[in-house]
Amino acid sequence: MEQKYDIIIIGAGPAGTVTGKLCAKKGLKVLILEKRPEIGAPKRCAEGMGQPDLERVGYTGKERFVTQEINGGIVITPNGGTIELPPRHGGYIIERKVFDKFLAYDAAKAGAKIYTKAHVFDLIWTNNKIAGVKLTYNGEQKDIYGKIVVAADGVESKIARIAGLPSGNTLKTLESGYQYEMANIEIADPHKIYTYLGNNIAPRGYIWVFPKGSHIANVGIGIGNCDEKTAKYYLDKWIASKPGISKGSIIEENSGGIPIGGFLDSMTKDNFLAIGDAAHQVNPLHGGGLAEASFSAQIAADVMNDAIKSNNTSNIALDRYNKLWWEKRGNNLKKVEKLVHLLERITDSEMNLTQSSFSGQDIINLTEGKLHHLIKIMLKNPRLATLVKYLK
Ligand SMILES: Cc1cc2nc3c(=O)[nH]c(=O)nc-3n(C[C@H](O)[C@H](O)[C@H](O)COP(=O)(O)OP(=O)(O)OC[C@H]3O[C@@H](n4cnc5c(N)ncnc54)[C@H](O)[C@@H]3O)c2cc1C
C-alpha cells in the first residue's frame with residue numbers, strides 16, 4: 001500500500017466504489033479501503049433498483065447481477081385494499097453481492113486501488129485538519145495520507161463522527177430492518193414488488209416482498225423504533241399469517257439500520273467529505289439508498305476533482321458539494337422526510353383512505369417529495385386537515 005493518495009475512500013459499498021471510479025477516471029490517485037473480507041457480502045438490502053439508477057452507474061440491465069425484471073408494484077393498505085403502482089421506467093431486483101463487486105471491478109479498472117480487510121479506525125490530523133487515515137491491514141497498523149478523505153462507511157459511520165460531523169443516528173432517524181431471502185413461496189405476480197402497510201404489521205414502516213424469481217423473494221420489514229418488539233418479531237408474525245409465504249424456506253437472513261432523514265446541513269470539513277448512508281443520503285419513505293449514493297458520487301467526484309486541481313481542498317471549496325446536493329436531492333428528500341413524520345401520526349383507518357384517494361402515480365409522486373395532491377386531499381378531511389401543518 002502506497003503512503004500518499006489524492007483521495008482516500010473509507011468503505012467499498014456503492015457510495016465508495018462509484019465515487020472512487022469517477023475520481024480515478026478524472027486522473028486522481030484513489031485508494032478505497034474496505035474492512036470486510038468480501039465486497040458486497042453480507043448484503044443488507046432488498047436489492048430493488050430503477051432502470052435510470054442502473055444506467056447512471058453505466059449498466060444496461062442485461063448484466064448477470066440482475067435477477068428479476070420488475071414492471072410495477074402493489075401497495076396493500078391495512079384493510080387489504082390494493083393500489084397498483086405503474087411500471088414507470090422499469091426496474092430490477094439485483095444480486096447485491098454481485099452488483100457491488102461489479103462496481104468495485106469498474107473502480108479498479110478506472111485505476112482506483114482497493115484493499116479488503118483494511119479497517120480504518122481513526123483519522124490523522126495535522127494542524128487541526130484531517131490529513132489521512134489510520135488503519136489495520138494484514139494485522140499491521142498503517143498511516144496513509146490523502147488530500148481528501150471520504151467517509152463512505154455506511155449507516156454506522158464512525159469516521160464521519162470522528163471528523164466532527166453530527167452524523168450519528170437517533171431513534172427518530174433510524175429504522176430497524178430485518179429480512180429473509182425465501183425460496184419456494186407463492187408470489188401472485190413475480191414481476192411486481194409488494195409493499196404492505198399497517199401499524200399492526202409494521203409500525204412506522206412497511207413490509208416488502210421483492211421477487212428475485214417466480215418463487216424466490218426478499219421478504220423484509222423496516223420499522224420505527226417505537227416499542228420493545230423487534231423488527232424480526234413483526235416480520236415472523238406477518239409471515240406466519242401468510243400460508244403462501246410461510247410454506248417457503250429461508251435461505252438467507254440479514255438485518256440492518258435504515259436512515260430515514262436527519263439530513264446533514266453540511267457533509268464536509270477541511271479535506272473531508274461524507275457520502276451515502278454515512279451522510280444519511282437515503283429516501284426516508286422507502287429506504288432506497290442506491291440511487292442516492294450514485295447521484296451524490298457524481299457531485300462529489302466533480303467537486304473533489306476541482307478542489308484538488310485548484311490545490312484548495314478547504315471546507316469552503318468542498319462546500320459546493322453541500323450546495324449542489326441540497327439543490328439537486330436534499331430539498332426534495334426533506335419534503336419526503338416531513339411526509340414520513342406525518343405518516344407516523346396517522347391511524348390504519350386513515351391509511352385505508354389512500355386506496356380510494358390516490359392513484360399509483362400519486363404514490364410515486366410522494367416518494368419524490370411532490371406533496372401537492374396529498375395536501376389537497378388532506379384539506380378535504382377534517383381530521384387529516386389538522387395534520388397538514390406537518391408538511392409545511
Ligand atoms: C434491510 C434493508 C433493505 C434495503 N433495501 C434497499 C433497496 O431495495 N434499494 C435501495 O436502493 N436501497 C436499499 N437499502 C439501502 C441500501 O442498502 C444502502 O443505502 C446502500 O447500501 C448504501 O451504500 P453505502 O455505500 O453508503 O453504504 P454500505 O453499502 O453500507 O457500504 C459501506 C461499506 O463501508 C464499510 N466500512 C464501514 N466502516 C468501515 C471502516 N471503519 N473501515 C473500512 N470499511 C468500513 C462497510 O463494511 C461497507 O462495506 C436497504 C437497506 C436495508 C438495511
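The following legends describe close-up views of a predicted model.

Residues are numbered from 1 along each chain as its sequence is written. Local features need pLDDT of at least 70, side-chain atom pairs count only at pLDDT 80 or more, totals for chains, interfaces and linings use all residues, and side-chain values use heavy atoms, with hydrogens and water left out.

**View 1. The shell around the ligand.** The ligand is surrounded by 32 residues, a residue being near a molecule if one of its heavy atoms lies within 4 Å of it. The closest are A15, E34, A46, V120 and D277. By class, the shell holds 13 nonpolar, 11 polar and 8 charged residues. Here Ala, Val, Leu, Ile, Met, Phe, Trp, Tyr, Cys and Pro count as nonpolar, Asp, Glu, Lys and Arg as charged, and the others, Gly among them, as polar.

View 2. A backbone N or O atom of V120 lies 2.9 Å from a ligand nitrogen atom. A ligand oxygen atom is 3.0 Å from an N or O atom in the side chain of R96, and a ligand oxygen atom is also 3.0 Å from a polar backbone atom of G48. Taken alone, the ligand exposes 1000 Å², of which the protein buries 91%; accessible areas come from the Shrake-Rupley method with a 1.4 Å probe. Two or more residues of the shell come from each of α1 (14-25), β9 (118-126), β14 (206-211) and β16 (249-259). Helices (H or I, at least four residues) and strands (E, at least two) are DSSP runs, numbered from the N terminus.

**View 3. Packing of α1 against α7.** Helix α7 spans residues 290-309 and packs with α1 at an angle of about 35°, their axes 8 Å apart. Axes are lines fitted to C-alpha atoms over the stretch in contact, and angles run from 0 to 180 degrees between N-to-C directions. On the α1 side, P14, A15, V18, T19, L22 and C23 meet L290, A293, A297, Q298, A301 and M304 of α7, contact meaning heavy atoms within 4.5 Å. The residues of this contact divide into 10 nonpolar, 2 polar and no charged.

**View 4. Surroundings of I375.** I375 is part of helix α11 (residues 372-380). Leaving aside residues up to four places away in sequence, I375 touches V388 and L391. I375 and A385 are 10 residues apart in sequence, with C-alpha atoms 8.1 Å apart in space.

**View 5. Backbone details in two loops.** A cis peptide bond with omega of about -10° joins A41 and P42. P42 sits in the loop between β2 (30-33) and β3 (48-50). N127, in the loop between β9 and β10 (129-137), has a positive phi of about 50° although it is not a glycine.

Key. Polar contact = N/O pair within 3.5 Å; in protein donor to acceptor, adjacent residues only side chain to side chain.
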